[in-house]
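I am opening my notebook on a new structure. Below are the things I looked up, entry by entry.

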Protein chains: 2
Amino acid sequence: MHRPLAALLSISLLLTAQDPPKPIAGFTPAAARRQLELESKFDAALNRQNLQQWMKRITSKPHHVGSPGSREVAEFIAAQFKSWGYDTQIETVYPLFPTPKSRLLEMVAPTRYTAKIEEPPIEGDSTSSIKQDNLPVYNAYSTDGDVTGELVYVNRGLPDDYDRLRQMGIDVKGKIVLARYGGSWRGIKPKVAAENGAIGCLIFSDPQDDGYGAGDVYPKGGYRPQFSAQRGSVMDMPVYPGDPLTPFKGATDPNRAPDPKQAPTVTKIPVMPISYGDAEPLLRALGGPVAPQAWRGGLPLTYHTGPGPAKVHLKLEFDWKLAPAHNVVARMRGSEKPDEWILRGNHHDGWNFGASDPVSGMVALMEEAHGIAELAKTGWRPKRTIVFLAWDGEEPALLGSTEWAENHAAELKRHAVAYLNTDGTSRGFVSISGASTMELFAAQTARDVIDPQTRVSAMERAEARRKADGRPPEYRIGPLGSGSDYTVFQHHLGIPSLNFSFGGEDHYGVYHSNYDSYDHFVRFVDPDFQYTLATAQLGGRMILRLAEASSLPFRLDPLARSVRAWTTEVVKLTDDLRESTKKQNELIRGGALKLAADPRLTFIPPEPKPEVPHLNFAPLLNAVSKLEAVTAKASKGTVSDDALIRAEQYLTQDDGLPRRPWFRHVLHAPGFYTGYGVKTLPGIREAIEQRNWPEADAQMLRLADTLNRYSAFIEAAIR
Amino acid sequence: MHRPLAALLSISLLLTAQDPPKPIAGFTPAAARRQLELESKFDAALNRQNLQQWMKRITSKPHHVGSPGSREVAEFIAAQFKSWGYDTQIETVYPLFPTPKSRLLEMVAPTRYTAKIEEPPIEGDSTSSIKQDNLPVYNAYSTDGDVTGELVYVNRGLPDDYDRLRQMGIDVKGKIVLARYGGSWRGIKPKVAAENGAIGCLIFSDPQDDGYGAGDVYPKGGYRPQFSAQRGSVMDMPVYPGDPLTPFKGATDPNRAPDPKQAPTVTKIPVMPISYGDAEPLLRALGGPVAPQAWRGGLPLTYHTGPGPAKVHLKLEFDWKLAPAHNVVARMRGSEKPDEWILRGNHHDGWNFGASDPVSGMVALMEEAHGIAELAKTGWRPKRTIVFLAWDGEEPALLGSTEWAENHAAELKRHAVAYLNTDGTSRGFVSISGASTMELFAAQTARDVIDPQTRVSAMERAEARRKADGRPPEYRIGPLGSGSDYTVFQHHLGIPSLNFSFGGEDHYGVYHSNYDSYDHFVRFVDPDFQYTLATAQLGGRMILRLAEASSLPFRLDPLARSVRAWTTEVVKLTDDLRESTKKQNELIRGGALKLAADPRLTFIPPEPKPEVPHLNFAPLLNAVSKLEAVTAKASKGTVSDDALIRAEQYLTQDDGLPRRPWFRHVLHAPGFYTGYGVKTLPGIREAIEQRNWPEADAQMLRLADTLNRYSAFIEAAIR
């Protein structure tokens, strides 16, 4: 069947204009028709110029948490919301937020080199020369330190990398490690370095990843130039995010005297990010063996591991103060169900200018609020209450959202229907992750947004991408890890959340740098704000459908399908681990590993590991079968909105995951050793990965128990 | 079972000293015991100092074919053989061999750059400053040319790369292409470039492949320095190797007036290899789209495809003359079966100094001859005739071996039992490829050579490597492609051949450069000649076992197993191609490919391809079953040596493969579009790959017919 683009277009337009209305979950056919009309009016109210003007304004000066810029941005956003008729407050919290007092990195042997750790102005980038309030290159929540030691290159700095180093006879104890960005969230690198005895940690941006290896560098292209470095938090957020001093509670007291020594999530060793310009002399000075093939990056040199002869001195001192984080909260009260809240958030703070991250998402959110306000001008009111949230302090540690949500936890658990998050957007393909119960909802909203470049449905275009990549074409929602403000809602409070954006056709290699600017955005990210507008169209639809649905559009069968798939994964993980452990032990005990190694290089074979036992998956498998039966039954009957609102909370446990009670959801959490990367069924999965069999058994029973309670709750709620 | 290295050592030594003798194919237990004693004496006669001294002498000056150095080397080798009592001749042939008269490469826009195309002297490398008779950087059998055109970067320059360029809207017609070495034999690159309309071809060594991305560069390490380039032949050898003007015949006439215009295997467009130092300014000057991810290499820049604005001028002029190629032929007459010849060869010509390639293998061969001569001093004589062959002119086009073997084809087909080839060796793991019938023979000889570093059997160490890599541990012989002097024997004459070496622990990135020198070899390849000696131990065993066996050690069942495996592969290849063609056509016709593409970049979807039909594999499958049955029967009975000597020739067809009649073997050939890389069942496989279904059908019948003739011959020979 030949079906050229023109045919696609006309089919798509015909569908929109004349065919029977597409089904919308939670709406009767008649209501769906009215809803589509409402959404058309919403679309008509959107204005691309707003996006452009607001972005230009917000990104005109540094606006990280605690800065004058941040307060001005919060006040500007609040003023907009107020002017559109929203009930608007700035709710300020006061978390610990360190900023650099002094930073020094120098190589002291075999030659001297002082790292620049500055990002120079770039021609054509008008904000790159702004010094006022500019936060220099640093990692937030690095501990203070003054250390000198031999350097060791540790690849991505993950546990496997240290295993490999041990096999090469290299110990990082007392050394300073140099890790590449990537492979995990950055905060994992100093954590694992410290676990292995390192005394300091440098993290550089390898040009292979987001510099010239990815594309032309700024300002010719959008990728990272030689002396650009990636700022960012290194707090141990997989334990808990937000203010390190007030887990579980809102940081509402501005008058505390903060003591960073009391903060368990601050790093154990000093950490600093550097550019590839600064990394190159250090890497050139390293001796020792040549780094393993997969460790070599894009610099024009042979990567060695050290240790030494390169020796570096790292001295970092921070101002450990409380910073006011100004969250903007704007409400439009629901006309029928005012106590059911639809939450929609994006943060407003940036690492300095933050045009892509987060302002592109922020202005989309603002335009959604503006569009909905325009609808309200016609006398329309949402059935449910809409709450817009512009967070401060996301970059250092999800500060604003975490502290606000901890502070309002009780109300949120009673009233919150869902939390909708963005954190920037760009040109390309739609992407929506989140709660499995919202899969159909996500698919239907993306179905109804038109891709601005091709004029087909955004969902259809994303499907084409999946097909072209050889992936299964059908949309399947993926679970949330961490890395943005949905964390407290999804993982701590059990409020179903979505995170969405467009992307994949930007040329964005200036993440968390001084060059994430308006000038960069309009050249390399979303030049005419078409996708920023599409993001607002998508976000607006999500809000309007959740606010207007006669019954909430959550579906339980995709949840059961997800849990079944994840369960199958952990069973397979255990079997694979058993098999690979057996094989590896044979290689070690039979001497093949040693015999295969180059005798001229140091090779210390790993110790054999205990055999992987067979675990009792039966309670879990029975619970999954029960869940499938109950959700199948539910899909034939109906479940009340009240029950649906509370249901996700039945997937949480009050005492949370092992060693990190703040993370309460049993189905997913950011990985303890991946950071942003999600782990599904985390209690079991991480116990297996860590070969902690008693814990795996215990977590299996707990998960089965939680799933059974969830199933019982749903079963009782079916009408 | 714990089995540390020490235990392995003692077990291995014990086995050698006291256990019942290991079986040796072709020998009775008693004869095997005597044979092992003979081999011990042979080992005892070997002298590492010879290897070192001969290498130093042979590599002291350039010795490519046609040079004074080559003649001196041939005379030196012949003198050695004579001194050891061999019946020795220098048999000279006179193939066409072009050398550069003038070479110019300059970028003429947008900036000017004149390529150095010279390899500078390197400190500590004593021969790198020798200018006398030094062959500059060039590609042999490039046509003359003087072309100017825009530059296009074409990745590896293979057919798929041009498909990708077409999808990007880029046509190389009238352009000069810049390709990276690797992915195929180099001669494929100008061939495919010319097929696509390019007017010139540059080939550079990307530092990711054998420069700093592979390891420290010379002289700090053994890898390719900035201004080193890879010489080499670009003749269309997959059509036929050897003198372009005398296919099928020996080039014995020195008085011909050669006309390169009559040489179909000379390239259609001028070609030159360049260093990454010379490639960098060209790549920096390229505009156009960013090259696909997999096309980007190790230079510190963003690889673009062009075309232009870089424009280059390439001017090449060659001296098209006949060169004398001096083959040294040294015979020790067999005492019982003088008309059964065991051939053992390695070439002696190098691209200038050629320490690793080929002298390491040449001196091993010489030491084998010396060791066997020492045995002969005690009165021992081989049962079969041993012929040592030191080839000239391998580098440009397997000139010496091809012309000699074409000249002696009739005798060889009557008398040659097997051809044993090396072409350099280095530190590491044993590797043996060749005729399937020699699998057991190869495994048993490698079993009985001790790895010099670990003191276990070389075969056991290679097995450990396979295990550690997660490959099947059992040794399975792989088929020969091309790239060395076995080509005429295995593929043209149907003489069972082996090619062997040690390697994998060298630091060798100076292939075909001026730096492949003695100084380089003793630092980075085989510092103490241990593995060069092990190569001689292996080669010597092979010769002695073939010469002494009471019945030839060929086994037919591995041949049947190989043919079955290759047949299964081509069936699967067809099925996979059918499935992937269907999928790709759906992506094209359904519009997904177009829809998934970035609208800001040119993307021309490929045309749908005709569906892949079902082929009639029945005749082939029946022939394979027959072969299995016959070889199983043969393994229970015996087949005479006479029959075994002629058997492999039954796997050849007089008129050869389609469009290349010189390649006569039906089971394997160098790939028409891979060059060195072997294609098994080439007639069928390449027809399928080229989607030439009538040819696939015809080749299927021919192959079945050939296999059936082979089976009938074997069946008749079974006693």
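**Domains.** I took the centres of domain 1 and domain 3 of chain A over C-alpha atoms and found 31 Å between them. The model is predicted: local features need pLDDT of at least 70, side-chain atom pairs count only at pLDDT 80 or more, and totals for chains, interfaces and linings use all residues. Residues are numbered from 1 along each chain as its sequence is written, while chains are lettered from A and ligands numbered from 1 in the order in which they are written.

I noted the bounds in chain A: domain 1 is 27-95 + 324-548, domain 2 is 98-320 and domain 3 is 557-717. These bounds come from an automatic or database domain assignment.

Next I looked at where domains 1 and 3 of chain A touch. I found 20 residues of domain 1 in contact with 21 residues of domain 3 (C-beta atoms, placed from the backbone, within 7 Å). On the domain 1 side, helix H13 (439-447) and helix H15 (486-493) of chain A each supply at least two residues. H15(A) gives the most, with three residues. Helices (H or I, at least four residues) and strands (E, at least two) are DSSP runs, numbered from the N terminus.

**Whole chain.** I counted 23 helices and 18 strands in chain A. The radius of gyration of chain A, taken over C-alpha atoms, is 26 Å, close to the 27 Å that the globule rule gives for 719 residues, so chain A is as compact as a globular protein of that length. The rule is 2.2 Å times the number of residues to the power 0.38. Buried residues make up 56% of the 719 residues in chain A (20 or more other C-beta atoms within 10 Å is buried, 12 or fewer is exposed, in between is partly exposed).

**One residue.** I picked Ala45(A), which sits in helix H2 (residues 29-45) of chain A. Is Ala45(A) buried, exposed or partly exposed? Ala45(A) counts as partly exposed because it has 17 C-beta neighbours inside 10 Å. Ala45(A) touches Gly371(A), Glu374(A) and Leu375(A), leaving out residues up to four places away in sequence.

I found 38 residues of chain B in contact with 37 residues of chain A. Of the interface residues of chain B, 97% are also interface residues in chain A, so the copies meet through the same surface.

Notes. Contact = placed C-beta atoms within 7 Å.
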